[in-house]
Amino acid sequence: MAASKSSIPVLQWHQVRPAPVVLVTGPETFLADRASRALRDLLKTEDPSVEVSDIAADQYQPGELMTLASPSLFAEPRLIRVANVEKSTDAFLAETIAYLEQPADDTYLLLRHGGGVRGKKLLDAIRGGAGGGIEIACAELKKDTDRHDFVSAEFAAAGRRITATGIRALVTAFQDDLAELAAACQQLLADSSDEITEVTVDKYYSGRVETNAFRVADTAIAGREGEALVLLRHAISTGADPVPIVAAFASKVRTMAKVSGARGGGGELARKLGMAPWQVDRARRDLQGWTDEGLANTITVIADTDEQIKGLGRDPVYALERMIAVIARRGDR
């Protein structure tokens, strides 16, 4: 949902700051989660006693917002984080629009809206200035140039240097998952004290074995068998070992199995399952078109493939191709 008519400040995720209402919009879940954590950390730095509460707008109970925003006995500041505003109930929309007329003192309301037309009246009110809010725009980083800028900003924020070729190598290696790209940046910052170059990146991610593995897994899980087989053969030809490839599939499918059938907002489930919110959202996207029976079959096939490539089978590549064929058909053997 575009914010071109907004009369409030529209900032990037790394520019988040306290305001009575903080509207976090856009499809890039990873950046939205970062903005939410950054706001929490800022408020905790200002006052460690800040009370943090979470609401799922699609499961909202009438009166919930006012209860959480009411002054506590010791008058601690409050941060109320609301997920799934794009799926919100009528009660949530009505009560939040009313709340904007007079936001509670020492209370920060963070609203996460992933996109779509649901909640437009609420968003229009905030963008029109009601509640004295700001908007944090988390647009999807689709272009390589966007991801180059992201990597550059990660190293600049840490006061470290990375060469242009180093940035290009990282973006090439982790072009399909922003969270993995960010994790790679943090690993390089933690493990290397020198300037990061293409050689440094190659030292840590030589052959892009892990990345190739997850790209193969993502493509097969999405049902694109032919493309997944091409990626598998490319991975094997560039030195990828079958073991981490199977491990990548196992990791993805385990996460899908944990999330399958679980109810609740991304933040709530993440805490319950010990995951990051973006992992829950990604698993939910991956689960589209899958059944419980298909997941069970896939888990069995992955376990069998793991045994095949570790000595029980004669042809590890054939075992991998068979596994991919089953997974691309959503577990249909």
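How many nonpolar, polar and charged residues does the lining of the largest pocket have, by class? In this predicted model, the lining has 10 nonpolar, 10 polar and 13 charged residues, and the pocket that they surround has a volume of about 820 Å³. Of the 33 residues that line this pocket, the closest to its centre are Asp-33, Ala-83, Gly-266, Gly-267 and Asp-281. Several elements of the fold give two or more residues to the lining, namely the helices H1 (29-46), H12 (266-273) and H13 (277-286), together with the strands E3 (51-56), E4 (78-83) and E5 (107-113). Among these contributions, the largest share of the lining, 6 residues, comes from H1.

Helix H1 is also the place of Arg-34, a residue that counts as buried because its relative accessible area of 15% is under the 20% cut-off. The side chain of Arg-34 is joined to that of Glu-154 by a polar contact of 2.7 Å.

Tyr-60 is found in the loop between E3 and helix H2 (64-69), whereas Phe-92 belongs to helix H3 (residues 90-99), so the pair ties together parts that are 32 residues apart in sequence. Both partners are buried, for Tyr-60 has a relative accessible area of 5% and Phe-92 has one of 0%.

The cysteines complete this walk through the structure. How many disulfides does a search of the whole structure find? The search finds 0 disulfides, and the case of Cys-138 shows the distance involved, as the nearest cysteine sulfur, that of Cys-185, is 17 Å away, whereas a disulfide calls for two cysteine sulfur atoms within 2.5 Å. Seen from the other end, Cys-185 is likewise in no disulfide, and the nearest cysteine sulfur to it is that of Cys-138. Is Cys-138 buried or exposed? With a relative accessibility of 1%, Cys-138 counts as buried, and Cys-185, with a relative accessibility of 0%, counts as buried too.

Notes
Residues are numbered from 1 along each chain as its sequence is written. This is a predicted model: local features need pLDDT of at least 70, side-chain atom pairs count only at pLDDT 80 or more; totals for chains, interfaces and linings use all residues. Side-chain values use heavy atoms; hydrogens and water are left out. On a 1 Å grid over the protein atoms alone, a cavity is a set of points where a 1.4 Å probe fits but cannot get out, and a pocket is an open set with protein on both sides within 12 Å along at least five of seven lines; lining residues have an atom within 4 Å of a point. Grid points are joined across faces, edges and corners, and a volume is the space filled by probe spheres set on the points. Helices (H or I, at least four residues) and strands (E, at least two) are DSSP runs, numbered from the N terminus. Ala, Val, Leu, Ile, Met, Phe, Trp, Tyr, Cys and Pro count as nonpolar, Asp, Glu, Lys and Arg as charged, and the others, Gly among them, as polar. Buried means under 20% relative accessible area, exposed over 50%, partly exposed in between (1.4 Å probe, protein chains only). A polar contact is a pair of N or O atoms within 3.5 Å; within protein, one must be able to donate a hydrogen and the other to accept it, and residues adjacent in sequence count only if both atoms are side-chain atoms.
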